[in-house]
Amino acid sequence: MFFQRFLKGISKLSAAEATEILTETGILSRWLSTMGTPAGKDIQDRLTWHNLDWHLNHYDEPDPLMGYLPFCERTPFISTTAGTVERDLSVRQNFIKSAFRTALNFATQGFTTTGYVFYGYVYVLGKKSIALEAFAEEVRDLHTYTGFLPYHHEGEIAAKLRIPAVNLERCEEYDGRTALHQLANAVVPIPNAVILNPRFAPPENYLNLRDALD
């Protein structure tokens, strides 16, 4: 088992909403936020390869199993990023796809609005564990998820149901247009505000910590 750091971008939050996620509720899946506390059987029925595939590849499509609502409105999974490595055979080089840049893009909806980047960690097993709600799926790992994924460059770690607040270290607010201007000038974007979680449990206190790529 590994403790895997991740970043997660969420757009258009107020400071109060970001603080509540960071210190109280944690990051909830869309399904959990609408269902409240589901029964164990309901959880088992939702944590399936079919639903993970829909989360990854059919996110906005109508789901016939949930009254033809867009799948994203009832997904039990939570997309986070830990970055990844892409290979360009034409120039014989590998390129790191930054977890921060990916999370910032999602937080600001393509650098058009304000949003928060959350920093935290989840647990991964190094193999598929879709039915086990405590463990996230490292779908960026091509040795585990060998099928083609069009969004592999996003470096996804798919958490399940809820990422507890105790696993969240901080969140940072960014203005999309300002951040894009800073990136264009080779400047690391500077957050408007940083909120710390006083009850964060540092993963360094435990074993097998893996950092995000940046």
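In the classes used on this tour, Ala, Val, Leu, Ile, Met, Phe, Trp, Tyr, Cys and Pro count as nonpolar, Asp, Glu, Lys and Arg as charged, and the others, Gly among them, as polar. The model is a predicted one, in which local features need pLDDT of at least 70 and side-chain atom pairs count only at pLDDT 80 or more, while totals for chains, interfaces and linings use all residues. Residues are numbered from 1 along each chain as its sequence is written, and side-chain values use heavy atoms, with hydrogens and water left out.

**The whole chain**

Along its principal axes the C-alpha trace spans about 50 × 45 × 40 Å.

Of the 214 residues, 45% count as buried, where buried means under 20% relative accessible area, exposed over 50%, and partly exposed in between (1.4 Å probe, protein chains only). Among contacts (heavy atoms within 4.5 Å) between residues at least 6 apart in sequence, 70% join residues at least 24 apart.

**The largest pocket**

Next, select Lys 8, His 55, Tyr 59, Ser 79 and Phe 106, which are the closest to the centre of the largest pocket among the 44 residues that line it. A pocket is found on a 1 Å grid over the protein atoms alone, as an open set of points with protein on both sides within 12 Å along at least five of seven lines, whereas a cavity is a set of points where a 1.4 Å probe fits but cannot get out; lining residues have an atom within 4 Å of a point. About 1100 Å³ of space lies in this pocket, a volume being the space filled by probe spheres set on the points, which are joined across faces, edges and corners. Elements that give two or more residues to the lining include strand S1 (2–11), helix H1 (15–25), helix H4 (49–57), strand S5 (77–81) and helix H5 (99–107). By class, the lining has 17 nonpolar, 19 polar and eight charged residues.

Stay with helix H4, where the buried residues are Asn 51, Leu 52, Trp 54, His 55 and Leu 56. Which elements do the buried residues of H4 pack against? They pack against helix H3 (40–46), S3, S5 and S9.

Now select Thr 84, Val 85, Arg 140, Leu 142 and His 152, the closest to the centre of the second largest pocket among its 14 lining residues. This pocket has a volume of about 270 Å³, and strand S6 (residues 84–88) gives the most to its lining, with four residues. The lining has three nonpolar, five polar and six charged residues.

Move on to Gly 155, in the loop between strand S8 (114–124) and strand S9 (156–160); at 0% relative accessibility, this glycine counts as buried. Leaving out residues up to four places away in sequence, Gly 155 touches Thr 80, Thr 81, Ala 82, Gly 83, Thr 84 and Arg 140. The C-alpha atoms of Gly 155 and Ala 99, 56 residues apart along the chain, are separated by 7.0 Å.

**The cavity**

The count comes to one cavity of 30 Å³ or more, with about 50 Å³ of space in the largest cavity. Select Val 124, Leu 125, Gly 126, Lys 127, Ala 136, Glu 137, Glu 138, Asp 141, Thr 144 and Tyr 145 to show the lining of the largest cavity, which divides into four nonpolar, two polar and four charged residues.

Tyr 68, in the loop between strand S3 (62–63) and strand S4 (69–70), has a positive phi of about 65 degrees although it is not a glycine, and Tyr 68 is exposed, with a relative accessible area of 59%. Gln 109, in the loop between H5 and S8, has a positive phi of about 50 degrees although it is not a glycine, and is partly exposed at 41%.

End at Ala 165, in the loop between strand S10 (162–163) and strand S11 (168–175). Is Ala 165 buried or exposed? At 7% relative accessibility, Ala 165 counts as buried, and beyond its neighbours within four places in sequence, its contacts are Ile 21, Leu 22, Thr 23, Glu 24, Gly 26 and Asn 197.
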